[in-house]
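Subject: Handover of a structure and the findings on it

Dear colleague,

Please find below the sequence and the structure that I am handing over to you. The findings follow directly after it.

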Amino acid sequence: CIRDRIDIENTNKIVLFIFLVISLLGFLGGFFISYKNIIYGNACPNIWIIPACYIVTIGYALMIFASIKKQYKIFFTGWVPVFILAFFGSVMELLGNDTCPKSAAGIPMCFYSLLIVVLVGLLFLNLKKANNNREII
């Protein structure tokens with residue numbers, strides 16, 4: 001029974017590590033596009049007057065902060081806007097609208113962001129479920 005508990009704790013630590021690495025990739029992607037937007041302008045589309053890449057960067061920062069500080073409501077405050085932007089940006093791209101910044105390979109960055117935010121959400125739910133509402137870290 002003790003061995004099973006240790007295995008579960010080790011598995012949760014591995015899942016948490018993967019969660020943080022993937023979240024950090026999302027944050028860095030948003031940060032670098034935000035930086036390009038500040039330096040060159042027009043690197044990402046605006047939502048009203050706010051560049052979408054700023055919203056994405058802040059969203060990933062909130063997800064990382066929330067997981068470290070065990071503030072689950074803050075996690076969803078960051079996750080929901082990032083998911084919505086990535087989802088609708090991806091839909092617009094698939095419909096033929098040139099909406100999202102492109103990677104060096106020409107792939108819309110919102111596709112990557114959608115993949116990352118879905119993985120982060122699933123990992124977060126897995127951690128929360130595995131700990132039966134206990135603290136995930």
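Ser-34 is buried, because its relative accessible area is 6% and buried means under 20% (exposed is over 50%, partly exposed in between, with a 1.4 Å probe and protein chains only). This is a predicted model, in which local features need pLDDT of at least 70 and side-chain atom pairs count only at pLDDT 80 or more, while totals for chains, interfaces and linings use all residues. Residues are numbered from 1 along each chain as its sequence is written, and side-chain values use heavy atoms, with hydrogens and water left out.

Ser-34 belongs to helix α1, which spans residues 2-40. Helices (H or I, at least four residues) and strands (E, at least two) are DSSP runs, numbered from the N terminus. The side chain of Ser-34 makes a polar contact of 3.1 Å with the side chain of Thr-57. A polar atom of the Ser-34 side chain also lies 3.2 Å from the backbone oxygen of Cys-53. A polar contact is a pair of N or O atoms within 3.5 Å; within protein, one must be able to donate a hydrogen and the other to accept it, and residues adjacent in sequence count only if both atoms are side-chain atoms.

With neighbours within four places in sequence set aside, Ser-34 is in contact (heavy atoms within 4.5 Å) with Cys-53, Tyr-54 and Thr-57. Ser-34 and Tyr-54 are 20 residues apart along the chain, and their C-alpha atoms are separated by 5.8 Å.

**The chain as a whole**

The protein chain has four helices and two strands, and their order along the sequence is α-β-β-α-α-α. Of its 137 residues, 34% count as buried. Among contacts between residues at least 6 apart in sequence, 58% join residues at least 24 apart.

**Nonpolar core**

A nonpolar core is a set of buried Ala, Val, Leu, Ile, Met, Phe, Trp, Tyr and Cys residues joined through side-chain atoms within 4.5 Å. The largest one has 18 residues, and those touching the most other members are Phe-19, Tyr-60, Met-63, Phe-75, Val-82, Val-117 and Val-120. At least two residues of this core come from each of α1, α2 (52-69), α3 (72-94) and α4 (109-130). The largest share, six residues, is supplied by α4. Residues up to four places away in sequence not being counted, Val-120 touches Phe-19, Ile-22, Ser-23, Met-63 and Phe-75.

**Aromatic pairs**

A search of the whole structure finds 10 aromatic pairs. The rings of Phe-75 and Phe-76 form an edge-to-face pair, because their centres are 5.1 Å apart and their planes stand at 90 degrees. The rings of Phe-87 and Phe-88 are likewise edge-to-face, with centres 5.3 Å apart and planes at 80 degrees. Rings of Phe, Tyr and Trp (its six-membered ring) pair if their centres lie within 6.5 Å; planes under 30 degrees apart count as stacked, over 60 as edge-to-face and the rest as tilted.

Phe-75 counts as buried, at 0% relative accessibility, whereas Phe-76 is partly exposed at 35%. Phe-87 is partly exposed, with a relative accessible area of 35%. One aromatic cluster is formed by Phe-19, Phe-75, Phe-76 and Phe-124.

**Packing of α2 and α3**

The axes of α2 and α3 come within 7 Å and cross at roughly 145 degrees. Axes are lines fitted to C-alpha atoms, for helices over the stretch in contact, and angles run from 0 to 180 degrees between N-to-C directions. Residues of α2 that meet α3 include Ile-55, Gly-59 and Met-63, and among their counterparts in α3 are Phe-75, Gly-78 and Val-82.

**Two loop residues with positive phi**

Asn-42 has a positive phi of about 60 degrees although it is not a glycine. Asn-42 is found in the loop between α1 and β1 (46-47) and counts as exposed, at 78% relative accessibility. Trp-48, also not a glycine, has a positive phi of about 60 degrees. Trp-48 sits in the loop between β1 and β2 (50-51) and counts as exposed, at 81% relative accessibility.

With kind regards
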